[in-house]
Amino acid sequence: MTMRKARLIVAVVGILLPYLARMPRGIEWLKQYTDTDFGGWLFFAALNAVAWGCILALSFKYERPASLLAPCILGFGYLAWAYGTLDLSANPNAAIALVIIPFYALVPIAVGGILGYIVDRMLRRKKLPNQ
(Lines give C-alpha, C1' and ligand atoms only; values in the text may rest on other atoms or scores of the structure.)
Protein backbone atom coordinates (compact mmCIF):
# COMPACT_ATOMS: atom_id res chain seq x y z
CA MET A 1 0.00 0.00 0.00
CA THR A 2 1.21 3.47 -0.79
CA MET A 3 0.99 6.50 1.48
CA ARG A 4 -1.48 8.05 -0.94
CA LYS A 5 -3.88 5.13 -0.48
CA ALA A 6 -3.34 5.19 3.28
CA ARG A 7 -4.19 8.90 3.39
CA LEU A 8 -7.35 8.29 1.38
CA ILE A 9 -8.39 5.54 3.81
CA VAL A 10 -7.74 7.85 6.78
CA ALA A 11 -9.96 10.53 5.24
CA VAL A 12 -12.80 8.14 4.38
CA VAL A 13 -12.74 6.44 7.78
CA GLY A 14 -12.50 9.81 9.52
CA ILE A 15 -15.55 11.15 7.68
CA LEU A 16 -17.68 8.04 8.24
CA LEU A 17 -16.56 7.15 11.77
CA PRO A 18 -19.06 9.25 13.78
CA TYR A 19 -21.96 7.65 11.94
CA LEU A 20 -20.55 4.12 11.99
CA ALA A 21 -19.96 4.39 15.74
CA ARG A 22 -23.66 5.19 16.25
CA MET A 23 -25.04 2.29 14.22
CA PRO A 24 -24.66 -0.51 16.81
CA ARG A 25 -27.15 1.25 19.11
CA GLY A 26 -29.81 1.51 16.44
CA ILE A 27 -31.38 3.92 14.02
CA GLU A 28 -32.55 6.33 16.73
CA TRP A 29 -28.95 6.89 17.85
CA LEU A 30 -27.87 7.39 14.26
CA LYS A 31 -30.67 9.92 13.73
CA GLN A 32 -29.29 12.04 16.56
CA TYR A 33 -26.38 12.87 14.24
CA THR A 34 -28.11 12.78 10.86
CA ASP A 35 -31.40 14.56 11.56
CA THR A 36 -30.12 18.06 10.77
CA ASP A 37 -29.93 20.55 7.91
CA PHE A 38 -26.99 21.07 5.56
CA GLY A 39 -25.39 23.63 7.87
CA GLY A 40 -25.43 21.12 10.73
CA TRP A 41 -23.80 18.45 8.56
CA LEU A 42 -21.16 20.91 7.42
CA PHE A 43 -20.45 22.14 10.95
CA PHE A 44 -20.15 18.58 12.27
CA ALA A 45 -17.92 17.53 9.36
CA ALA A 46 -15.63 20.53 9.89
CA LEU A 47 -15.27 19.79 13.59
CA ASN A 48 -14.61 16.12 12.95
CA ALA A 49 -12.00 17.08 10.33
CA VAL A 50 -9.88 18.48 13.14
CA ALA A 51 -9.18 14.95 14.37
CA TRP A 52 -8.75 13.04 11.11
CA GLY A 53 -6.98 16.01 9.54
CA CYS A 54 -4.39 15.83 12.28
CA ILE A 55 -3.77 12.16 11.46
CA LEU A 56 -3.53 13.11 7.80
CA ALA A 57 -1.00 15.83 8.65
CA LEU A 58 1.06 13.30 10.63
CA SER A 59 1.20 11.05 7.58
CA PHE A 60 3.41 13.58 5.81
CA LYS A 61 6.11 12.97 8.45
CA TYR A 62 6.12 9.23 7.73
CA GLU A 63 7.57 7.21 4.88
CA ARG A 64 5.76 3.95 5.62
CA PRO A 65 1.98 3.46 5.77
CA ALA A 66 2.40 1.04 8.69
CA SER A 67 3.47 4.01 10.81
CA LEU A 68 -0.08 5.37 10.60
CA LEU A 69 -1.48 2.44 12.56
CA ALA A 70 -0.67 3.87 15.99
CA PRO A 71 -2.29 7.30 15.53
CA CYS A 72 -5.25 5.74 13.72
CA ILE A 73 -5.91 3.08 16.35
CA LEU A 74 -5.59 5.48 19.28
CA GLY A 75 -7.31 8.45 17.65
CA PHE A 76 -10.10 6.64 15.84
CA GLY A 77 -10.56 4.34 18.83
CA TYR A 78 -11.15 7.30 21.11
CA LEU A 79 -13.47 8.94 18.59
CA ALA A 80 -15.48 5.74 18.09
CA TRP A 81 -15.91 5.34 21.83
CA ALA A 82 -16.83 9.00 22.37
CA TYR A 83 -19.28 9.23 19.49
CA GLY A 84 -20.74 5.81 20.22
CA THR A 85 -21.55 6.60 23.84
CA LEU A 86 -22.69 10.23 23.58
CA ASP A 87 -26.45 10.46 24.10
CA LEU A 88 -27.58 13.81 22.77
CA SER A 89 -31.06 13.40 24.19
CA ALA A 90 -29.85 12.87 27.77
CA ASN A 91 -28.91 16.46 28.49
CA PRO A 92 -29.47 19.77 26.70
CA ASN A 93 -25.75 20.50 27.05
CA ALA A 94 -24.66 17.18 25.51
CA ALA A 95 -24.36 18.76 22.06
CA ILE A 96 -21.41 20.79 23.34
CA ALA A 97 -19.50 17.51 23.45
CA LEU A 98 -19.66 17.39 19.64
CA VAL A 99 -17.41 20.44 19.64
CA ILE A 100 -15.09 19.14 22.35
CA ILE A 101 -14.64 15.50 21.30
CA PRO A 102 -12.44 16.15 18.22
CA PHE A 103 -10.13 18.35 20.27
CA TYR A 104 -9.88 15.79 23.08
CA ALA A 105 -8.98 13.21 20.42
CA LEU A 106 -5.82 15.18 19.66
CA VAL A 107 -4.17 13.78 22.79
CA PRO A 108 -4.37 10.08 21.81
CA ILE A 109 -3.57 11.07 18.22
CA ALA A 110 -0.41 12.86 19.41
CA VAL A 111 0.64 9.86 21.51
CA GLY A 112 0.00 7.61 18.50
CA GLY A 113 1.90 10.06 16.32
CA ILE A 114 4.96 9.77 18.51
CA LEU A 115 4.72 5.97 18.51
CA GLY A 116 4.22 6.01 14.74
CA TYR A 117 7.27 8.21 14.30
CA ILE A 118 9.37 5.76 16.31
CA VAL A 119 8.06 2.86 14.22
CA ASP A 120 8.76 4.78 11.02
CA ARG A 121 12.36 5.46 12.10
CA MET A 122 12.86 1.79 12.98
CA LEU A 123 11.53 0.73 9.59
CA ARG A 124 13.82 3.23 7.86
CA ARG A 125 16.86 1.83 9.69
CA LYS A 126 15.99 -1.70 8.65
CA LYS A 127 15.82 -0.56 5.03
CA LEU A 128 19.19 1.21 4.95
CA PRO A 129 21.53 -1.82 5.26
CA ASN A 130 19.67 -3.66 2.49
CA GLN A 131 20.23 -0.93 -0.10
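Two residues are in contact when their heavy atoms lie within 4.5 Å. By that rule, Tyr-83 touches Pro-18, Ala-21, Arg-22, Tyr-33, Phe-44, Asn-48, Leu-98, Ile-101 and Pro-102, leaving out residues up to four places away in sequence. The model is predicted. Its chain has an average pLDDT of 88, and 96% of the residues score at least 70.

**Confidence by element**
- Helix H4 has the highest mean pLDDT among the elements of the chain, at 94.
- Helix H2, residues 27-34, has the lowest, at 83.

**The nonpolar core**
- The largest nonpolar core holds 27 residues.
- Tyr-33, Leu-68, Phe-76, Leu-79 and Tyr-83 touch the most other members.
- Five helices each supply at least two residues of this core: H1, H2, H3 (38-59), H4 and H5 (96-104).
- H1 gives the largest share, with seven residues.

**Val-10, in helix H1**
- Val-10 sits in H1, which spans residues 3-22.
- Its relative accessible area is 5%, so Val-10 is buried.
- Beyond its neighbours within four places in sequence, Val-10 is in contact with Trp-52, Ile-55, Leu-56, Leu-68, Cys-72 and Phe-76.
- Two of these partners, Leu-68 and Phe-76, are also among the core residues that touch the most other members.

**Gly-112, in helix H6**
- Gly-112 belongs to helix H6.
- Gly-112 has a relative accessible area of 0%, and therefore counts as buried.
- Pro-71 is 41 residues away from Gly-112 in sequence, yet their C-alpha atoms are 3.8 Å apart in space.
- Gly-112 is in contact with Tyr-62, Ala-70, Pro-71 and Leu-74, leaving aside neighbours within four places in sequence.
- Val-10 and Gly-112 are 102 residues apart in sequence, and 14 Å separates their C-alpha atoms.

- Helices H4 (69-85) and H6 (106-127) are the elements that give two or more residues to the patch.
- H6 gives the most, with six residues.
- Why is Leu-115 called partly exposed? Its relative accessible area is 42%, and partly exposed covers the range between under 20% (buried) and over 50% (exposed).

**Salt bridges**
- How many salt bridges are there? The count comes to two.
- In one of them, Arg-124 pairs with Glu-63, and the closest N and O atoms are 3.5 Å apart.
- This pair links distant parts of the chain, 61 residues apart: Arg-124 is in H6, while Glu-63 is in the loop between H3 and H4.
- Arg-124 is buried because its relative accessible area is 17%, which is under the 20% cut-off.
- Glu-63 has a relative accessible area of 46%, so it is partly exposed.
- The side chains of Asp-120 and Arg-124 form a salt bridge too, with 3.0 Å from N to O.
- Asp-120 and Arg-124 both lie in H6, four residues apart, which is about one turn of the helix.
- Both of these residues, Asp-120 and Arg-124, are buried.
- Glu-63, Asp-120 and Arg-124 are linked in a salt-bridge network.

Definitions and conventions
Residues are numbered from 1 along each chain as its sequence is written. This is a predicted model: local features need pLDDT of at least 70, side-chain atom pairs count only at pLDDT 80 or more; totals for chains, interfaces and linings use all residues. Side-chain values use heavy atoms; hydrogens and water are left out. Buried means under 20% relative accessible area, exposed over 50%, partly exposed in between (1.4 Å probe, protein chains only). pLDDT is the predictor's confidence in each residue, from 0 to 100. A nonpolar core is a set of buried Ala, Val, Leu, Ile, Met, Phe, Trp, Tyr and Cys residues joined through side-chain atoms within 4.5 Å. A salt bridge is a side-chain nitrogen of Lys or Arg within 4 Å of a carboxyl oxygen of Asp or Glu.
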